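Subject: Predicted structure for your review

Dear colleague,

Please find the structure below. My notes on what was found in it follow directly after.

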Amino acid sequence: MSSSLLQQLDAQLDSLFAGWNIYTTLICIVLGLYLVYPLFYYTEPDTHPMLLARQSSNSYVRQPGESAIYRSLETPHGYSLKSGLNVKDPGAPKWSSGRDGDLRDIWAQVLKGPTGPDGNPNGSPGKIISVLGKEEVIEHQTSEVMHDINSLGHHLQSHGRRHVAIYLPNSVEMVVSLFAATLYGVTPILVPFDHPVHVIASIVRNTKTDCIIAAAGSLPLDGLLQLYPGLKHVIWVAERSSRHMDWNEVPEGVGGKVEIIVWHEIVEEKRNSALTELPSTSSESPSPNVITISISATDPEKHEVVEFTQKNLVAAVAAQISALPVSQRLGPSDILLPLTPLTDQYSLTVTLAALFSNSSIALSSVSGLTADYVVAFRSITPSVLIASTQTLSTLHSEKATAQAGLMQKIDHWRRARSLAAGSMPRVAGITAKPRLIYTFERAASDSTSLTNSQVSDLRVYTGAHIINAFTATGVAGAISQTNLFDYRTCDDLDSPVPAHYGPPLSSVEIKLIETPGHKSTDENFVEGQLIVEGPAVAGGTATIDGVMKITDNNTLCYGR
Amino acid sequence: MASHEAGPPPPAVEAATITSPINLILLALLFVLVYFRLRPAAPQTLPKAPDPIVFRTFAPPDLKPFNGEGNMPVYLAVRGKVFDVTSGRNFYGPGGPYENFAGRDATRGLACGSFDEDMLTKDLEGPLDDLKGLGVDELQALQDWEDRFTEKYLVVGKLISVGEKQMSAA
């Protein structure tokens with residue numbers, strides 16, 4: 001008798017399940033575990049993916065030939081851009097908005113130390129740490145640094161100096177010089193270190209400065225005086241080991257025209273007097289501008305002089321502080337080590353932001369744009385680093401070639417997947433692990449660019465969050481900076497492009513304009529020359545060379 | 001004699017094999033699940049926002065089509081500024097109480113608080129309304145209206161007369 005369809009199906013199922021054996025049981029167990037495993041080990045992404053889908057807000061109207069104006073999500077259109085640190089004087093009402101402040105207020109905050117929400121101190125002030133190679137780590141207390149600042153400030157004031165050029169590597173003396181100049185009404189000029197004397201001479205001549213603080217032995221004095229006879233005052237900063245030498249020796253033929261003095265003499269001579277208080281300049285008297293020099297990498301004879309007002313700098317510092325998510329902000333438990341020279345204005349801005357947040361900073365004199373990454377971890381464990389793209393690019397190629405084995409590659413692939421899913425992988429086994437690395441690219445310079453996939457790999461290699469910023473010489477701080485939690489790599493591996501630079505910071509607004517070589521063809525204009533405006537821009541508005549583009553997530557990146 | 005007593009041969013024991021049909025089905029299911037989980041996922045995106053409106057210089061004939069008919073946006077002009085009032089279509093669009101203002105220069109009408117036809121400039125090719133004959137109260141009312149519009153609606157252009165537009169284009 002012919003069996004019905006259902007009976008035939010039943011017979012088939014029976015014969016199928018008749019083949020059940022031990023292997024079937026094993027496979028079923030594996031399948032069950034594989035389905036159940038994520039319930040216990042699922043990690044949520046560090047930030048909601050929708051927040052990364054549109055990272056800046058555009059204006060609703062655009063001028064013909066220009067793009068819409070893009071701003072950070074913290075400062076929407078119609079509100080003013082972030083212009084300062086919101087410093088509240090002690091007697092001010094609790095909910096008043098505070099004033100913008102300047103570098104003097106940053107230093108006052110360093111002295112005050114961290115305070116709780118009720119205004120009472122709840123920790124010790126941050127320290128300034130000097131890392132002298134592999135030998136020594138010296139911690140300078142803020143009272144000691146304040147004493148040095150006052151000594152130097154009085155010295156400069158008594159000699160009537162209005163400008164001082166600072167030609168030092170990263171060191172506590174550089175921080176002291178910067179704050180002494182700002183607190184005592186002298187304009188500091190930050191000169192990049194380690195350049196030939198004729199470049200330095202042309203810089204001091206262009207900025208018309210008559211006073212220079214330089215590392216002892218870094219400049220031949222007679223050569224400098226020959227090229228620039230207008231120099232009247234030289235302060236040598238001698239290392240501990242070379243203090244016994246006679247730096248006061250004046251070259252022949254100069255006579256009494258140049259005053260030469262050594263740093264430790266200025267600082268020692270007032271050792272007994274109590275100079276640990278802030279000078280009593282009122283907040284209404286204007287604080288001097290800060291001049292930064294950037295020497296072009298391609299043509300060392302050319303340098304660009306940019307004068308930033310205090311308002312530019314504090315707007316940039318405030319934007320840096322609020323650009324980090326609240327849980328990841330710089331705080332009293334952090335140690336920041338800049339591996340880039342502090343004469344670069346982005347590194348300076350991040351360092352000032354760290355000081356204002358009461359972090360400690362560690363200064364190593366071997367920092368530079370090509371410094372080695374491991375230098376940061378000799379004798380000290382910094383939690384935040386500022387490194388150049390050159391340093392990180394070298395680190396990336398070293399680590400990539402070291403990862404030859406299959407297990408290492410699988411491990412790396414697993415961690416990269418975790419990043420792509422939006423959560424930072426827990427990486428055990430890295431001894432020197434900062435929590436955050438700042439890196440930056442300067443517009444119109446030939447610095448190495450990192451691609452999106454390189455930045456993602458570096459997050460795995462270093463175990464740290466990486467922030468990639470786009471800076472320019474005319475804008476204090478950064479123009480735009482990636483979100484700390486943005487781990488996405490939208491890279492086309494065949495044609496890697498430089499990584500995107502994130503949304504604009506809250507102290508600037510950006511727009512793209514049409515250039516003669518680049519007309520707008522799209523309905524929505526998203527590629528062109530970049531114009532930056534805002535309180536952090538020297539002179540109010542700056543034009544950046546090069547073609548930039550706004551991506552679909554409203555972030556900035558290089559155009560074609 | 002023992003060989004005669006040998007019973008039927010013992011049934012063949014099928015060796016436990018990994019390639020039985022059910023095993024193959026379950027293995028295929030496992031591989032499919034592993035593939036879907038390990039496949040790289042595209043990042044989440046939001047739907048694209050509407051393109052920003054391009055700021056435009058209008059002359060009265062250019063502004064007239066923007067009166068809400070046929071799915072056009074509703075624009076009106078107050079003291080040379082053109083506002084996009086499409087979100088107030090119930091008021092300013094076709095069939096609304098203020099529909100006379102749509103696509104026109106509403107300055108005199110808002111100053112005097114009237115929606116009559118004679119508040120609008122008749123000759124679109126001629127010069128713009130120079131606001132002659134408006135008193136202090138009316139100018140104050142106009143200023144209040146302009147402030148409200150600036151707060152509530154987007155400025156998408158400016159209004160100049162046909163003569164000025166031809167001069168600037170020349």
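Between chain A and chain B there are nine residue pairs in polar contact, both residues being at pLDDT 80 or more; a polar contact is a pair of N or O atoms within 3.5 Å, where within protein one must be able to donate a hydrogen and the other to accept it, and residues adjacent in sequence count only if both atoms are side-chain atoms. On the chain A side, helix H1 (5-18), helix H2 (22-41), helix H3 (49-53), strand E2 (61-62) and H13 each supply at least two residues. H2(A) gives the most, with nine residues. Helices (H or I, at least four residues) and strands (E, at least two) are DSSP runs, numbered from the N terminus. The residues on this side of chain A comprise 19 nonpolar, seven polar and five charged, where Ala, Val, Leu, Ile, Met, Phe, Trp, Tyr, Cys and Pro count as nonpolar, Asp, Glu, Lys and Arg as charged, and the others, Gly among them, as polar.

This is a predicted model, in which local features need pLDDT of at least 70, side-chain atom pairs count only at pLDDT 80 or more, and totals for chains, interfaces and linings use all residues. Residues are numbered from 1 along each chain as its sequence is written, chains are lettered from A and ligands numbered from 1 in the order in which they are written, and side-chain values use heavy atoms, with hydrogens and water left out.

In total, 31 residues of chain A are in contact (heavy atoms within 4.5 Å) with 31 residues of chain B.

Helix H14 (residues 452-462) of chain A is largely enclosed by the rest of the structure, because ten of its eleven residues are buried, that is, under 20% relative accessible area with a 1.4 Å probe, protein chains only. Among them are Asp457(A), Arg459(A) and Tyr461(A). Their cover includes helix H12 (389-402), helix H13 (406-420), strand E16 (436-442) and strand E17 (465-471) of chain A. Gly463(A), which follows H14(A), has a positive phi, near 70°.

Gly126(A) lies in the loop between helix H4 (103-112) and strand E4 (128-132) of chain A. With a relative accessibility of 10%, Gly126(A) counts as buried. Leaving aside residues up to four places away in sequence, Gly126(A) touches Thr142(A), Asn358(A), Ser359(A) and Ser360(A).

Yours sincerely

Technical notes: Buried means under 20% relative accessible area, exposed over 50%, partly exposed in between (1.4 Å probe, protein chains only).
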